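Here is a short briefing on nonpolar cores and strand pairing. Look over the structure first, then read the points below.

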Amino acid sequence: MVVRGLPAPWWNEQHNAVIDLRAHLPVRRLGMHLGTLVGLDRPDDAFYLLHEELVAVVAGEVGPAAGLRELVAARRSYVADWRRRRSELPPSWGQGGGGDDVVLRQVLGLPGTGAGAADAFEGTLQGRGVSPGRARGRARVCRHADDIDRVRHGEILVCEATAPSWTPAFARVAAAVCEGGGMLTHAAIISREYGLPCVCAAVGATRRVRDGDLLEVDGDSGLVRILDGGLLHG
């Protein structure tokens, strides 16, 4: 499968650089500059305004303090609340690409790609084995890239998904478990390069696994077993 003449795995690996870094970061810098220029309390307050609201502020039609502080605070609180509840949300909604987009289905870990059901949990998660081998180790649950500093040698990384910024963690872990993804996602490719077992599409992993749980990861069958309740909780 190709994307404009390029293999799909290449596109999946490079989209963070091509889209996020070359498009989103310049837009973010512009937004921060506008926030400073018009005197918002914090430069990133600009990201909590709608396009027409920000245009009105930049054009001088609305002063920075004209009710915007309360509006921004409310929107910040709304976003923070849903981020805290992120693990409670379903991994996907509907069938992307009309159900026939193979790459998208693997990226999201949709049914039909080897993902297991999220119910009937009895200490075992069924995901999709994307890098072969078996490993045991204590779990380290990471919810964003800033958490990878907490990862210790021999632990098993448990997360929603990874991106290139997570790569340093793979030099320390014994295996990786991701809630989403498939054979073409970053965690799968990097795990195969490092020779680490990896299971993707393990729905509910960050909610059901806790730091310190002793895990057994089977990258062939896609099974993740919690062998005991961990060191950090009873």
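In which sense do strand 3 and strand 10 pair, and over how many bridges? Strand 3 (residues 124–126) and strand 10 (residues 223–228) pair in the antiparallel sense over 3 bridges. The model is predicted: local features need pLDDT of at least 70, side-chain atom pairs count only at pLDDT 80 or more, and totals for chains, interfaces and linings use all residues. Residues are numbered from 1 along each chain as its sequence is written, and side-chain values use heavy atoms, with hydrogens and water left out.

**Strand pairing**
- Two strands pair if DSSP finds at least two bridges between them.
- Helices (H or I, at least four residues) and strands (E, at least two) are DSSP runs, numbered from the N terminus.
- L125 stands opposite V224 in strand 10.
- Strand 10 also pairs with strand 9 (residues 214–218), in the antiparallel sense over 5 bridges.
- D218 has L223 of strand 10 as its bridge partner.

**Nonpolar cores**
- A nonpolar core is a set of buried Ala, Val, Leu, Ile, Met, Phe, Trp, Tyr and Cys residues joined through side-chain atoms within 4.5 Å.
- Buried means under 20% relative accessible area (1.4 Å probe, protein chains only).
- The largest nonpolar core has 19 residues.
- L157, W166, F170, V173 and C198 have the most contacts inside it.
- Helix 5 gives the largest share of this core, 3 residues.
- Another core, of 15 residues, lies apart from it and includes A135, I156, V158 and V224.

Conventions:
Buried means under 20% relative accessible area, exposed over 50%, partly exposed in between (1.4 Å probe, protein chains only).
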